[in-house]
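Trainee: I have a structure open and would like to learn how to read it. Could you take me through it step by step?

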Amino acid sequence: FMTNLLGISPAVGGALLFVSKVVDVVSNPFIGMLSDRARTRIGRRRPYLLGGGLAMAIAFVLVLTVPAGGSEVVTAGWLLLCMTVLSLGYATFTVPYLAVAAEATRSYDERTSIMAWRVVFVLLGTLVGTAIAPAIATPQGVGTRASFVTMALALGAIIVVASLWCFVGTRRAPWFDPDGNPPGLRDQLRIAAANGPFLTLALAKLLQLVGVAAVITTALYLTRYVLDIDGLKVALFFLTMTLASTAAVPLWGYLGRRLGKKSAYVVAVTLYARASPTWLGAGPAVTTADLALVYGRAVVLGIGSGGLLLLGVSMLPATIAYARLQSGARREGIFTGLWSAVEKGATAVGGLAIGLVLDAFGFVESNGAVVAQPASAITGIVIGASVMPAVCMLASLPLLLRYPLTRDSLAALAATQAR
């Protein structure tokens, strides 16, 4: 939208993403602290679900309805303001939302089941965002301001409905009185740093999500300029990847129970790391065999991403339980706030990195016209879609292998505390 329709350079676009996400990252621990402290007659977290969801929907529409005729500075300012509000709205929703999931059960395996359902709906949302939304916004490969407004209104309505559904559906969810006043930001960071399993898991997730953000940011560039496919073929590419992720969730849940969550997580990360570099040999998908390879890669990457989504977040409640067993205090909001900050920070870093890479490799921005890109820009796109995610995934493995929590270790710690 920014580079191909608004004429904004990739580096500036990446910087706008980065700044809005940094604001988001800083806000996450505060939102977690406030939701830990909240006392309302409708529940501890639910006011945030309602307010955050509605703010998200409004800001999302405004991001994609940039006033025409403004200078690049005015356009960038509008985008930065609206994207920041969008990020804050999402943070206000998602931090308490994750905390509700952590509070709902004390069962190690039941947490995986709850998070599996969450991942399924995340993937359904991803399907709407990556397959249906581009078909509305860019039916001919680039799109117009009017087509993006249509897409924004459609998805904004979905955000409102989904947020209200979550607000109403959690009316009977368990919630607990806070343990006094939650600590300040410095103490929150100290508490998180003292939780070795959480820190290890969060750092591994940060690296992985930087790689995933690189893939997401380059995906439309890859399909348009490298694979030279558009329209229904692009929609089918994203549909294939998302359906593969969704279908793989039960498999990863089974492997998590069979092998242990950490071992299954290592398998998912390794699969994603091995599949990403195959884009290095990609070119225009002209023949049926070419398209089969494209969709085959989408299947493998989708299966891997399903494992990344499920297993990482299903291990988060165990780190929260570990902290509770050590200290006796309930601090779900702190850890989910910091976890959400990790997710947003990774998106910020990945988006900025891709913007800088595309700019360095000579990507040519435009105001709606289809522009032929130089060979160097194509190389930059391929690097962003293949090398960057593979390196990030492999770098996360040593951290992941150090993660210590299992069902038995938590049970043993609980038994020790009981004595």
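**Reading the helices and the core**

Mentor: At 1.5 Å a residue, the 28 residues of helix H1 (residues 10–37) should span 40 Å, and its end C-alpha atoms are 41 Å apart, which agrees. Helices (H or I, at least four residues) and strands (E, at least two) are DSSP runs, numbered from the N terminus. The expected span of a helix is 1.5 Å times one less than its number of residues. This is a predicted model, so local features need pLDDT of at least 70 and side-chain atom pairs count only at pLDDT 80 or more, while totals for chains, interfaces and linings use all residues. Residues are numbered from 1 along each chain as its sequence is written, and side-chain values use heavy atoms, with hydrogens and water left out.

Trainee: Where does H1 have a kink?

Mentor: A bend at a residue is the angle between axes fitted to the seven residues ending there and the seven starting there. In H1 there is a kink of about 30° at Ser27, shortly before the proline Pro29. H12 has 27 residues, and the distance from its first C-alpha to its last is 39 Å, close to the 39 Å expected at 1.5 Å a residue.

Trainee: How many helices and strands does the chain have?

Mentor: There are 13 helices and zero strands. For the overall form, look at the radius of gyration, taken over C-alpha atoms; the globule rule is 2.2 Å times the number of residues to the power 0.38. Here the radius of gyration is 21 Å, close to the 22 Å that the rule gives for 419 residues, so the chain is as compact as a globular protein of that length. Along its principal axes, the C-alpha trace spans about 70 × 45 × 35 Å.

Trainee: What share of the residues counts as buried?

Mentor: Buried means under 20% relative accessible area, exposed over 50%, and partly exposed in between (1.4 Å probe, protein chains only). Of the 419 residues of the chain, 53% count as buried. Leu232, in helix H8, is exposed, because its relative accessible area is 74%. Ile158 belongs to helix H5 and counts as partly exposed, at 44% relative accessibility. Ser314, placed in helix H10, is buried, with a relative accessible area of 1%.

Trainee: Which residues have the most contacts inside the largest nonpolar core?

Mentor: A nonpolar core is a set of buried Ala, Val, Leu, Ile, Met, Phe, Trp, Tyr and Cys residues joined through side-chain atoms within 4.5 Å. The largest one has 81 residues, and those with the most contacts inside it are Phe198, Leu227, Phe237, Tyr265, Trp279, Leu308 and Trp339. Among the elements that give two or more residues to this core are helix H4 (108–137), helix H7 (196–226) and helix H11 (332–360). H10 gives the most, with 15 residues. A second, separate core of 25 residues includes Ala57, Ala137, Leu155 and Ile159.

Trainee: What does Leu308 touch?

Mentor: Contact means heavy atoms within 4.5 Å. Not counting residues up to four places away in sequence, Leu308 touches Lys205, Gln208, Val212, Tyr265, Ala268, Val269, Tyr272 and Met393. Leu308 is in helix H10 and counts as buried, at 5% relative accessibility. For Trp279, leaving aside neighbours within four places in sequence, the partners include Leu222, Phe237, Arg297 and Val382. Across the chain, residues 24 or more positions apart account for 84% of the contacts with a separation of 6 or more.

Trainee: Which backbone oxygen does the side chain of Arg171 reach?

Mentor: This is a polar contact: a pair of N or O atoms within 3.5 Å, where within protein one must be able to donate a hydrogen and the other to accept it, and residues adjacent in sequence count only if both atoms are side-chain atoms. The side chain of Arg171 reaches the backbone oxygen of Val168 at 2.8 Å. Arg171 lies in the loop between helix H5 (145–169) and helix H6 (185–194).
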